[in-house]
Amino acid sequence: MKKLNNLKNPKIGNEDPQLQLLSNAEYIVLLKKMITIRIAEEIISDNVKSGLIKCPCHLAIGQEAIPVAMSQFLHSDDRVYGNHRSHGHYLSLTMDTYGLFAEILGKETGCSKGMGGSMHIVGESQGFGGSVPIVSATIPVAVGAGLAMKLSKSQSVSVSYFGDGTSEEGVVHESLNIASYYNLPVIFVCENNFFSSHMHISERQKFDSISRFADAHGIESAVIDGNNIETVLDTSKKAIQAARLQRKPFFIEAVTYRLKGHVGHDDNVDVGLQRKEDLEPWKRKDPIDRLKNSLISKSAISESDFEFFNTVISEKLNKEFDQAVSDPYPQKQQLLETVYYK
Amino acid sequence: MNKKITYGSGIQTAFEHVLENYDESFIIGQGLWSPWYVGNTMVDLDKKFGKERIIDCPVSENSVTGTALGAALNGMKAIVVHPRMDFMVLASDQIVNQAAKWQSMLGGGIKIPLTIRAIINRGGEQGAQHSQALHSWYAHIPGLRVVMPAFANDARNLLIASILSNDPVLYIDDRWCADLEEEVTELQELDIKTIGPKIIKEGSDITIVGSGFTSCQALEAGKELAKDNISAEVIDCRVLNPFNPDLIIESVRKTGKLLVLDGSWKNCGFGGEIIASVSERFIDFKAPPIRMGLKDSPAPTSKPLEEDYYITIHDIVNNAKSI
C-alpha cells in the first residue's frame with residue numbers, strides 16, 4: 001500500500017522543479033496561467049471579505065499546479081469534471097476569468113449564465129463539463145463520459161477532479177470498480193490537500209494515501225508532489241496517454257495543501273483546525289514560487305519579469321471584475337426557462 | 001379485431017425500435033442479461049444488439065445511474081434500468097441532485113437524454129423492500145420528467161418519447177401491468193412535452209383518476225359502475241411531472257365528483273396533489289373528493305396482510321358510490 005511518507009511533510013522535498021519536459025516559452029505560459037488563477041482567486045477572496053460576493057467560494061489557492069499541468073495535455077473534446085473547489089480546474093482550460101467573476105456575482109454574463117455561482121460552473125466548448133458541490137457526484141459522471149467515449153470509439157478521455165474527503169463517499173468505490181472493469185479512459189485526479197472541510201485526514205481515515213483505493217480496484221496509480229509542476233506534468237502526460245491510447249483508467253494522487261480555509265477568504269488558523277503549524281511551511285512550498293525560481297535559475301525570466309506578469313494580469317483581472325460587477329443580473333423568466341432543455 | 005399486444009411487449013418493442021434506429025442509444029442496468037429481473041420486457045436484447053450496448057452491470061445503483069448521466073451528457077441516449085424501484089433509492093443523489101438539476105444550475109442549453117427506467121414490482125409476498133411505488137417522491141423534483149404508463153401502447157410510445165427527450169426522464173412501469181393486453185395502435189415517436197393526462201373512458205357522473213396500474217383498476221371499476229348505471233369518466237395521468245391538471249379539472253367541472261387512486265401512500269402523495277390542483281381552481285364539488293392509497297405501513301409479506309394492503313376494484317367501486 002502506498003503511503004504519503006515525506007510528501008506530507010512540507011519541510012522535505014520542496015526543491016524547485018527540474019524543467020525538462022517543455023520549452024522555456026511553454027513553462028512561461030504555464031506560469032502565467034498559474035498567476036492568473038492565483039490572482040483571480042485573490043480578487044474573489046478580497047470581495048468575499050468585503051461582502052460584495054455573497055455566494056460560498058471554496059478557494060484552491062496553493063493548488064494551481066495540478067490543473068494547469070493536467071490541462072497541458074488535454075484537448076477541447078476531452079471532458080473534465082470538478083467539484084466545489086473548481087475555479088482552477090475551470091480556468092486552467094478556459095482562462096475565462098471574466099466569465100467566472102460574472103458567474104460568482106450571479107450575472108447573466110457568467111459562464112453558467114448566472115444560474116450557478118461559484119459551485120456550479122461549466123465551459124463545455126473548452127472541455128469543462130461541469131462542477132457541483134456534492135463532492136463525489138461528478139465521479140460517476142466522468143466515468144459515464146468515459147463510457148460514451150468508449151462506445152463511440154473516440155480517442156477522447158475524461159478527467160475527474162476530487163479531494164481526499166471525497167473518498168469517504170461510497171460512490172467513489174463503485175465508480176473505480178466500473179472504470180476499471182470496463183476499461184474506461186478516465187483519469188482520476190485526487191487532490192489530497194489533507195482537509196475535508198474542517199477535518200484533517202488524520203481525524204478521518206486510518207491511512208493517509210487515497211490511492212490505496214485505486215490499487216484495490218486494479219487501477220494504475222501514482223502518488224506525487226502536487227506542488228511541483230514538473231512532477232504533475234510528467235505524471236499527467238503518462239496518465240492521459242494511458243487513457244487515450246490504451247483505453248484504461250489511471251489514478252493520480254497529487255499531494256498539495258489548501259492555503260485558505262474550507263470556504264471564503266479566511267485562513268482557518270484560529271478555529272481549532274489542525275493546521276497552525278503546517279500553514280507557514282506549506283506557504284514556502286508554493287507551486288508558483290517554485291516554478292518561478294526554476295525559470296529564474298534557468299535565466300528564462302527575471303524577478304522583474306515575474307513582477308511584470310503579476311502587474312499586467314492583475315490589472316486585466318481587476319478590470320474584468322469591475323465589468324462583471326456592473327453587468328446585469330439574469331432576467332426573472334430565466335428561472336423557469338432553464339429547468340428543461342430548450 | 002386488431003392484433004393485441006401486452007404492456008411488456010410494448011416495452012420490448014420500444015427498446016428494439018430505439019436500439020435499431022439510434023446508434024447512440026445503449027442500456028445499462030442490473031439483470032439485463034437475465035430473465036429474472038426485467039420479465040418479458042427486454043428479452044434477448046443483448047443477443048440482438050450486443051453486450052457492448054446492453055450492459056448488465058454491478059449492483060452499484062448510484063454509480064451506474066451517474067455513469068448513464070455522464071454518457072447522456074456526452075452524446076449518448078442513455079437508458080439505465082432499476083428492476084426494483086426500491087433499490088433505485090440508492091441512486092437518488094444522481095437522479096435528484098444531479099440529473100434533474102444540471103440544466104438549471106449550469107444555465108440551460110444542455111442536452112441530457114437520460115432515461116431512468118424503474119420497475120414497480122410489488123405483491124408475491126416480496127415485502128417492504130421489493131414493493132415500493134415512489135413516484136410521488138420523484139414527481140416533486142423540478143427538472144425531472146416523470147412518466148408512468150398504464151396501457152400497452154403507451155408503455156411503448158411513452159418509452160420511445162422518454163428516450164428521445166433531451167431531458168432526464170424517470171419512466172416508471174409496473175410489473176402488475178406487464179401481461180395486460182391492448183389492441184395495438186401505431187408505433188409513434190412523440191414529443192414528450194406534448195403528452196399529458198388522457199381520458200380513457202368518457203363519463204358524466206364521477207371522475208376517477210389513476211396513474212400506472214391504478215389507471216387499469218380505475219378502468220375496470222368504471223366498467224363495474226356502469227352496470228349500476230353510474231357513468232364514470234376515467235383519466236390516466238401518464239405524466240406526473242411536469243403535471244398538467246387541466247383535463248382533470250375540466251372533467252370535474254362536468255361531473256362534480258372526484259375519486260383519486262394512488263398506488264402508494266396517501267400522505268404527501270400524488271393523489272393529494274391531484275385533489276389540490278383541482279381544488280385550487282374548482283370549488284363546486286357535489287361531495288368532498290376521496291383519495292385512495294395504501295395503508296400507512298411498509299408492504300407486508302404474509303399473504304392475508306398483503307391482500308388487505310393494496311387497493312381493490314371492490315373498494316374503488318364502493319368509494320365511487322359513496323361520493
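Two strands count as paired if DSSP finds at least two bridges between them. Helices (H or I, at least four residues) and strands (E, at least two) are DSSP runs, numbered from the N terminus.

This is a predicted model: local features need pLDDT of at least 70, side-chain atom pairs count only at pLDDT 80 or more, and totals for chains, interfaces and linings use all residues. Residues are numbered from 1 along each chain as its sequence is written, while chains are lettered from A and ligands numbered from 1 in the order in which they are written.

1. Strand β4 of chain B.

2. Neighbours of β4(B). Strand β2 of chain B (residues 25–29) pairs with β4(B) in the parallel sense, over 5 bridges. There, B:Ile27 has B:Ile79 as its bridge partner. Strand β5 of chain B (residues 114–120) also runs parallel to β4(B), joined by 5 bridges. B:Ala78 stands opposite B:Leu114 of β5(B).

3. Helices α4(B) and α6(B). Their axes come within 7 Å and cross at roughly 35°. Axes are lines fitted to C-alpha atoms, for helices over the stretch in contact; angles run from 0 to 180 degrees between N-to-C directions. From α4(B), B:Asn62, B:Thr65, B:Gly66 and B:Leu69 meet B:Asp93, B:Gln94, B:Ile95, B:Gln98 and B:Ala99 of α6(B).

4. Contact between the chains. Chain B gives 34 residues and chain A 33; contact means C-beta atoms, placed from the backbone, within 7 Å. On the chain B side, α4 (61–72), α6 (92–99) and α7 (102–105) each supply at least two residues. The largest share, 8 residues, comes from α4(B).

5. Domains of chain B. Domain 1 covers 4–194 and domain 2 covers 198–322; the bounds come from an automatic or database domain assignment. Their C-alpha centres lie 25 Å apart. In the contact, 26 residues of domain 1 face 24 residues of domain 2. On the domain 1 side, α8 (135–139), β6 (145–147), α9 (152–164) and β7 (169–174) each supply at least two residues.

Notes
Two residues are in contact if their C-beta atoms, placed from the backbone, lie within 7 Å.
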